[in-house]
Each structure stands twice: as C-alpha cells, then as structure tokens.
Amino acid sequence: MAEHSKMYQVSTLQALALGYTRKVIPVKELLKEGNTGLGTFEDVNGEMIVLDGRCFRARHDGSVVEPDPETGVPFAAVAELKGDRTFPLESMPDIQSIRTELTRRIEEHFGLNSMHVVRIDGVFDRVDARSEEPYRSHHVTLKTMLDSTQTAFVFENIRGTLVGVYYPDHMDGINMPGWHLHFLSEDRTRGGHVFDVTLKEGTVRLDKISRIEINLPKDAAFDTYSLKSASEDEIKKVEKGSE
C-alpha cells in the first residue's frame, strides 16, 4: 500500500522562500528516493519535474532538458507513485477546479491531514506556466529573485502530465499547504510551474503518503536564515503568481 511510502523532501519551503538556493544533494541522489515529484535547481535555475523516475528541467522559455546527474538540488519533494487510486477527470476549466476535485477525492478517504502525490495525464486546452533563469545570490528572497528572472508562457492544445504534491495545513512552512503542480508535455519538450490550466480530459493517479523524510542543508550558512520569517502572502505570490 502506498500509505507506507514516504515523501522525501530536500530542505524546506521557508528556506527556499528566504533565498537558500544552494546545492543540498545532486539530482542522481534525489532520483533514488522517488519516481514522481517536483522542485527546483541550484540558484533556482528552472522548474523541476520528476516523472517516471527521470528528472526534467523546464528552462526560462518553457523548453525542457534533462539535467546532468550532478546538478544541485536546493529544494524538492518526491515519492514513489504506485497509483493506488486511479480515476478519470473531465472538462476542468481552471486549476482551482482541479484542486477542488482532488481535495474532495482525498477527503472521501480521510486524507486531508496526510500528504499525497499525484499525476494527471491528459489533453489540455491551455496551460499557463512559468520558469526562470538562475539568480546567483543568497539571502535574497525567492519572490525578489522571480520578480527579475521569471518568464511566463502559454501552451495550447497539448498532451502532457501534471505532477503534483499535496501537503496539509499543519505542515505549512515545510512545504506549501494544498496542491502544488508542475507540467510536462507528453513529448518531454515543454513544461514549467503551473499558474492555471484548462483540462479537456485526463486520468488521475493518486497516492496517500503518511511518512516524510527531510534532508536539511548541512552547511553553516543554513543556520543564518530565520526560517519562520517568510510571510504567508509572499509564499502565495510565489506559488500563484499575480493572484
């Protein structure tokens, strides 16, 4: 049962939001811990999508490459997706409707206080996404970085996969409460962090996760960050763009 799987997380969202973007582990070590998930790369050099045991980097223009196995990971969350629950999803007009339906599904199985990992393979009318160029600095907030490095783009009439994780409200600060979703096209050439999406039809694979392992940075610089000082509003702006 996937309930006995674990979420493997590199660092914390609070640390990333406050500008800790140094390498904690390489990509090759992350892939030993899960086949599905998301994150970013050292110096926030693009958006990470982990799918089918492979790691992809969405660059600032929405194009996708597979990074070198030694590429640094400052923040990520991955798990072994087994697909314990599979169900169709049809005609979702926006990302909020998808989040609402996924939340309804986990609530049916008493899962709101647990973590989840999900993938949605489907046909999308539209995907509004973003990625970014690297920003080599420290103690500069993620919001400030993205204000100068982020590029938004739109994919239309495209097949692909939404990859996501869900964290409950009580884990706020460790990760973003609720659903966090990234996109990867079926041909593995386009992707990014998802702001909004219109789904024509898709298939959901969803696992409940009841354990977490967090790999915190080991260097002394990590202890110079005041890890509860990133505001909730700032984190939401990073996650949802201009909302």
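## Burial and overall form

Of the 243 residues in the chain, 56% are buried, where buried means under 20% relative accessible area, exposed means over 50%, and partly exposed lies in between (1.4 Å probe, protein chains only). The model is predicted, so local features need pLDDT of at least 70 and side-chain atom pairs count only at pLDDT 80 or more, while totals for chains, interfaces and linings use all residues. Residues are numbered from 1 along each chain as its sequence is written, and side-chain values use heavy atoms, with hydrogens and water left out.

The chain contains five helices and 14 strands; these are DSSP runs numbered from the N terminus, with helices (H or I) of at least four residues and strands (E) of at least two. Its radius of gyration is 16 Å, close to the 18 Å that the globule rule gives for 243 residues, so the chain is as compact as a globular protein of that length. The radius is taken over C-alpha atoms, and the globule rule is 2.2 Å times the number of residues to the power 0.38. Along the principal axes, the C-alpha atoms fill a box of roughly 45 × 35 × 35 Å.

## Contacts, surface and charge

A contact means heavy atoms within 4.5 Å. Among contacts between residues at least 6 apart in sequence, 78% join residues at least 24 apart. The accessible surface of the chain is about 10,400 Å², and 46% of this surface belongs to carbon and sulfur atoms. Such areas come from the Shrake-Rupley method with a 1.4 Å probe; for residues, only the protein chains shown count as cover.

The chain has 30 positive and 40 negative side chains, and the centres of the two sets lie 2 Å apart. Lys and Arg count as positive and Asp and Glu as negative, whereas His and the chain ends are not counted. Each charge is placed at NZ of Lys, CZ of Arg, CG of Asp or CD of Glu.

## Helix α4 and its surroundings

Helix α4 spans residues 142-149, and its buried residues are Leu142, Met145, Leu146 and Thr149. Viewed down the axis of α4, these buried residues fall within an arc of 95°, so they line one face of the helix. The arc is that of the directions from the helix axis to the C-beta atoms. An α-helix has 3.6 residues a turn, so residues three or four places apart point the same way. The face of α4 turned away from the buried side carries the exposed residues Asp147 and Ser148.

Within α4, methionine 145 is buried, with a relative accessible area of 1%. Beyond its neighbours within four places in sequence, methionine 145 is in contact with Gly19, Thr21, Val44, Tyr135, Ser137 and Val140. Threonine 21 belongs to the loop between α1 (13-17) and β2 (25-26) and is buried, with a relative accessible area of 0%. Not counting residues up to four places away in sequence, the residues touched by threonine 21 include Asp43, Val44, His138 and Met145.

## Two residues with positive phi

Most residues other than glycine have a negative phi. Aspartate 43, in the loop between β3 (36-40) and β4 (47-51), has a positive phi near 65°. This aspartate is buried, with a relative accessible area of 13%. Asparagine 157, in strand β11 (residues 150-167), has a positive phi near 50°, and this asparagine is exposed, with a relative accessible area of 63%.

Strand β13 (residues 191-209) includes threonine 198, which is partly exposed at a relative accessible area of 22%. Leaving aside residues up to four places away in sequence, threonine 198 touches Met92, Pro93, Phe124, Asp125 and Arg126. Glutamate 201 also lies in β13 and is partly exposed, with a relative accessible area of 44%. On the same terms of sequence separation, glutamate 201 touches Leu89, Glu90, Asp121, Gly122 and Val123. Glutamate 201 and serine 148 are 35 Å apart, C-alpha to C-alpha.

Arginine 57, in strand β5 (residues 54-58), counts as buried at 17% relative accessibility. Apart from neighbours within four places in sequence, its contacts include Phe41, Glu47, Ser63 and Pro67. Arginine 57 and leucine 89 are 32 residues apart in sequence and 26 Å apart in space, C-alpha to C-alpha.
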